[in-house]
Amino acid sequence: MKTENSHSIFASRLRTVRIEKGLSQTGVCKALGLSTSALSSYEQGERYPTIKGLKILADFYNVTTDWLIGRDEYKPTKNDLVIQDPKLNYWYNDLLNASEEDLRKLQQLWEALKGE
C-alpha cells in the first residue's frame with residue numbers, strides 16, 4: 001500500500017488551506033513577504049520552508065504546524081474565520097496571541113487615531 005510522505009502531504013495541505021480560505025498565491029506572498037516562486041514550489045512539493053517559515057505559514061492560515069506536515073488530522077473547516085485581505089488575516093492572527101498589555105496599547109493608539 002502506497003502512503004503519502006510528509007513532503008507531499010505538506011504541499012497538498014498548504015495548497016488546500018490557501019484555496020479553502022479563498023486566497024491567491026499572489027495575495028499570500030504579498031502579505032508574508034514571500035516570493036511567488038517560493039510559495040509555488042512549496043505547494044508543488046519541490047521546496048520546503050524553514051522551521052520559522054513553517055510557523056509563519058501555520059499562523060497565517062490559522063492551522064497547526066502538525067496539521068500542515070501531516071502529523072495531525074485536524075482539518076480546518078470553511079467555517080473558520082476567513083478575512084479576505086491576507087494582511088488583515090495575518091494581523092488578526094497576531095491579535096489572537098497578543099498580551100493584555102499589547103491589547104491595551106493598541107486600544108489607546110486606536111482611540112488616539114480616531115480622535116477620542
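This is a predicted model: local features need pLDDT of at least 70, side-chain atom pairs count only at pLDDT 80 or more; totals for chains, interfaces and linings use all residues.
I'll start with the core. The largest nonpolar core has 19 residues, and the members that touch the most others are Leu14, Leu57, Tyr61 and Leu68. Two or more residues come from each of helix H1 (6-20), H2, helix H3 (36-43), helix H4 (51-61) and helix H5 (65-69). H4 contributes the most, with 5 residues.

Take Leu68 as an example. What is Leu68 in contact with, once neighbours within four places in sequence are left aside? The list is Ile9, Phe10, Arg13, Leu14, Leu54, Leu57, Ala58 and Val63.

Arg13 sits in helix H1. Not counting residues up to four places away in sequence, Arg13 touches Trp67, Leu68, Gly70, Asp72 and Glu73. For Asp72 there is a distance to quote: the backbone oxygen of Asp72 is 2.9 Å from a polar atom of the Arg13 side chain.

Last, helix H2, which covers residues 25-32. Its buried residues are Gly27, Val28, Cys29, Ala31 and Leu32. Just after H2 comes Gly33, where phi is positive, at about 70 degrees.

That is the end of my part.

Terms used: Residues are numbered from 1 along each chain as its sequence is written. Side-chain values use heavy atoms; hydrogens and water are left out. Buried means under 20% relative accessible area, exposed over 50%, partly exposed in between (1.4 Å probe, protein chains only). Helices (H or I, at least four residues) and strands (E, at least two) are DSSP runs, numbered from the N terminus. A nonpolar core is a set of buried Ala, Val, Leu, Ile, Met, Phe, Trp, Tyr and Cys residues joined through side-chain atoms within 4.5 Å. Contact means heavy atoms within 4.5 Å. A polar contact is a pair of N or O atoms within 3.5 Å; within protein, one must be able to donate a hydrogen and the other to accept it, and residues adjacent in sequence count only if both atoms are side-chain atoms.
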